[in-house]
Amino acid sequence: MMNIRFVDLKAQYLEIRDEIDTAIQAVIEESAFINGPYLKEFERNFAQYLGVDHCVGVGNGTDALVIALKALGVKEGEEIVTVANSFIATSEAVSLSGGQVVFVDCRPDTFNIDVDEIENHINRKTRGIIPVHLYGQPADMDSILSIAERYNLFVVEDAAQAHGATYKGKMAGTFGHCACFSFFPGKNLGAYGDGGAVVTNDEELARKVSMTANHGRMKKFFHEFEGCNSRLDGLQAAILNVKLKHLNRWNQRRREIAARYDNAFHDLVEIPRVRDDVKHVYHLYVIRVPNRDKIRVLLSERGVATGIHYPVPLPFLKAYEYLDIKPSDYPEATRLKDEILSLPIHGSMPDQEVDYVIQQMFDILKSEGS
Ligand SMILES: Cc1ncc(COP(=O)(O)O)c(C=O)c1O
């Protein structure tokens, strides 16, 4: 029996070991731990990769969102609209910045925010929208931007799962007033610890983000307001600089694996639906199966690790009990939570592992009569 990990960071490291070891050694030799040249280089490179003017490295993706919202001046009680199916960081950031989160149901096909539902949740307290490019597939940005323009709202893209994805040929993370990335190790572009970034074309916003992440200062000891300490450190920046060069290749490999899964499973289960105008980067490959829990156990018995993203939609987490939301308010998120299953996928996954997952899935689905 093979053992298939959900993500294999060791395999990825072994592919680029010399480059990584050299980069880490250089940071240590130069003691360039905080705010040094490696951070500047990564910020420049990542901004250039995306095609934006500014990138500010921060401590993690959650901080990126909180800091972006604070820099946009969110005030106590202002409402920010986001999607019901995401990781809690998205909605947590709203509360941590002083705002009030308002959830919108997701679409039944792509699981991204249902743009037809957004306007039903907008009122005079609404300040902004946070679309999430969930699983690596960009949300419907044209519709979101036109709603934002109509109601004079800001748009902060949560691009934590979508490094290198495109919408109508343009990189995810380049549409909103700003976008937030996570470099959590398992992400498509991952550090060797926590890391994140805010990217924007707005120079003033970039300055505010940078100051907020650095105790409210641009210059040492001259603090213009109270911020926080949330920095992307030199070691992580140097590692990300190395990995950024491989990102397109790894994303391409993810797409190849997804295409093989699509081919193998399309008659048996609901495979991911991808919009015609996007390039999906498959941070996660999520299928929909009615007997999900049983299939998950059977796969695990055959050595295949899987995940559920996410088992409880955000409105139904204990953290949001105070909102007193009913499942019937979010029918799509409620339906999909029991059926979604994330299969192993990563940029360093060899063909034998992909073959094995396909074979096991085939055997299980056939015997389960799916
Ligand atoms: C959609 C989404 N938003 C935000 C985050 C937060 O990123 P981090 O874990 O780096 O704080 C994550 C990842 O964990 C995420 O998946």
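Predicted model: local features only at pLDDT ≥ 70, side-chain atom pairs only at ≥ 80, totals over all residues.
**Lys187.** Lys187 has 20 C-beta neighbours inside 10 Å, so I record the residue as buried, the cut-off being 20 or more. I then located Lys187 in the chain and found the residue in the loop between β8 (178-182) and β9 (196-200). Setting aside neighbours within four places in sequence, I listed the contacts of Lys187 as Ala160, Gln161, His163, Ser182 and His283. I also checked a pair 97 residues apart along the chain: the C-alpha atoms of Lys187 and Leu284 are separated by 9.5 Å.

**Ligand shell.** I next examined the 15 residues around the ligand, of which Gly61, Thr62, Ala89, Ala160 and Ser182 come nearest.

**Domains.** I consulted the domain assignment, which gives domain 1 as 9-105 + 112-244 and domain 2 as 247-368. Their C-alpha centres lie 25 Å apart. For the contact between them I noted 28 residues from domain 1 and 27 residues from domain 2. On the side of domain 1 that touches domain 2, the elements giving two or more residues are α1 (9-15), α5, β6 (166-167) and α9 (234-244). Of these, α1 gives the most, with 3 residues. I classed the residues of this side as 12 nonpolar, 11 polar and 5 charged.

Note on methods. Residues numbered from 1 in each chain as written. Near = placed C-beta within 6 Å. Domains from an automatic or database assignment. Contact = placed C-beta atoms within 7 Å. Helix = DSSP H or I, 4+ residues; strand = E, 2+ residues; numbered from the N terminus. Nonpolar A, V, L, I, M, F, W, Y, C, P; charged D, E, K, R; others polar. Buried ≥ 20, exposed ≤ 12 C-beta atoms within 10 Å, placed from the backbone.
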